[in-house]
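Thanks, everyone; I would like to take a few minutes to walk through one model with you. Please have a look at it on the screen before I go on.

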Amino acid sequence: MRDFSLNLPVNSVSFGQVSVALLREFHARGLQPCLFPIGDKIDLHSQDDLKEDFQKWIQSCINKRFEQHSRSNPTFKLWHLNGSLESYSEKQVLLTFHETDQVTPTEKNIATNNKLAFSSSYSKDVFEKSGVEGVEHIPLGFDSNNFSVKNQSYLKNKIVFNLTGKLENRKNHKDAIQAWVKKYGNNKDYVLQCAISNPFLKQEDFSRILNEILESKSYFNVNFLGPMQKNSLYNDYLNSANIIIGMSGGEGWGLPEFQSVALGKHAVMLNCSGYKDWANSENSTLIEPSGTKEVYDGVFFHKGQPFNQGNIYSFDVDQFIDACEKTVEKAKSNPVNEEGLKLQEKFTYKKTVDKILDVIEKL
């Protein structure tokens, strides 16, 4: 194996969670890459089971970076396109995420200055159609260090739906919540648990948006949960549901939804973007998109900018409710999504790292 370096965000958000999972696998293989943490710091507070030797290995990889790294060695980077023109090497493999159906000139230029890879085959196709050559598809894996099936009872005699992801227009939260409360609101047999806090929104703005979504109405069976600082707590949250809702109009993978289905939860999934790489008719109730809509929301997506332009997928509300009803029957018939459990073996970080190392070797 040739020498290589890593440029990763090591923190508690989604990019950081993937980074830590990759680092665990690199460590398990006895590899010793130089590590350049994005932001020049690490934050592992969300990780519950941190072995001392793993932490020492991370620090040793960081400590040696300025003494041993050479720009002739390739670097593997996990980051946004915005910020990836910069590199520590002459050859850089960039694994990134993209959710819309268009590629801007800026995005294309950054893409062509990297060996580009996506976890989503949809994004791979979007960039290849824009003229970017040699794009790789590198699927993510099930994080078995942080997530596991917990055979315990949470909310008895109720069908519990979970809705995840940071609150934003792209994820179609508004349409999903409004449709759900119209069907199940204030029905004691059903619960909707929304873990959709967004650290990039002020609390007053977050509360205002939720009030607008609920049209100033109150529902005793709809709960909005705050940030969960530990992965063990988030694992409990995922395990507490019967059904996961995945109706985002654009995802690079959909980590919470994927982990949920891999834990044996039933799922209502919009058949689009990154979801299509792992959600299928055997492990999910699929809804075909009804069309597309512009992604711009004036908060996280602004029209005319050099990044994140284009459209995301939308869905028909009646089809969503029909899918919810079908999935409720599945959950009542068999609480465990047996096909979903198979994702744990089908997608692993061992396979992800195998692919990363293969791409590096071919540079």
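The lining of the largest cavity, in this predicted model, is made up by class of four nonpolar, four polar and three charged residues. The space inside that cavity comes to about 40 Å³, and the count of cavities of 30 Å³ or more is one. Residues that line the largest cavity include Leu-163, Thr-164, Lys-171 and His-173, together with the run from Ile-245 through Gly-246 and Met-247 to Ser-248, and also Glu-251, Glu-257 and Tyr-275. Strand S7 (159-164) and strand S10 (243-246) are the elements that give two or more residues to this lining.

Let me turn to the sheet. Six strands form an open sheet with parallel pairing, and their order is S2-S1-S3-S4-S5-S6. Strand S2 (34-42) and strand S6 (136-137) stand at the edges with a single partner strand each, so one side of each has no neighbour in the sheet.

Finally, the helices. How do the axes of helix H1 (residues 14-28) and helix H2 (residues 52-63) cross? They come within 11 Å and cross at roughly 100°, and H1 and H2 are therefore roughly perpendicular to each other. On the H1 side the contact is made by Val-20, Leu-23, Arg-24, Phe-26 and His-27, while H2 brings Asp-53, Phe-54, Trp-57 and Ile-58; by class, the residues of this contact divide into six nonpolar, one polar and two charged.

Technical notes:
Residues are numbered from 1 along each chain as its sequence is written. This is a predicted model: local features need pLDDT of at least 70, side-chain atom pairs count only at pLDDT 80 or more; totals for chains, interfaces and linings use all residues. Side-chain values use heavy atoms; hydrogens and water are left out. Two strands pair if DSSP finds at least two bridges between them. Helices (H or I, at least four residues) and strands (E, at least two) are DSSP runs, numbered from the N terminus. Axes are lines fitted to C-alpha atoms, for helices over the stretch in contact, and angles run from 0 to 180 degrees between N-to-C directions. Angles under 35 degrees count as roughly parallel, over 145 as roughly antiparallel, 65 to 115 as roughly perpendicular and the rest as oblique. Contact means heavy atoms within 4.5 Å. Ala, Val, Leu, Ile, Met, Phe, Trp, Tyr, Cys and Pro count as nonpolar, Asp, Glu, Lys and Arg as charged, and the others, Gly among them, as polar. On a 1 Å grid over the protein atoms alone, a cavity is a set of points where a 1.4 Å probe fits but cannot get out, and a pocket is an open set with protein on both sides within 12 Å along at least five of seven lines; lining residues have an atom within 4 Å of a point. Grid points are joined across faces, edges and corners, and a volume is the space filled by probe spheres set on the points.
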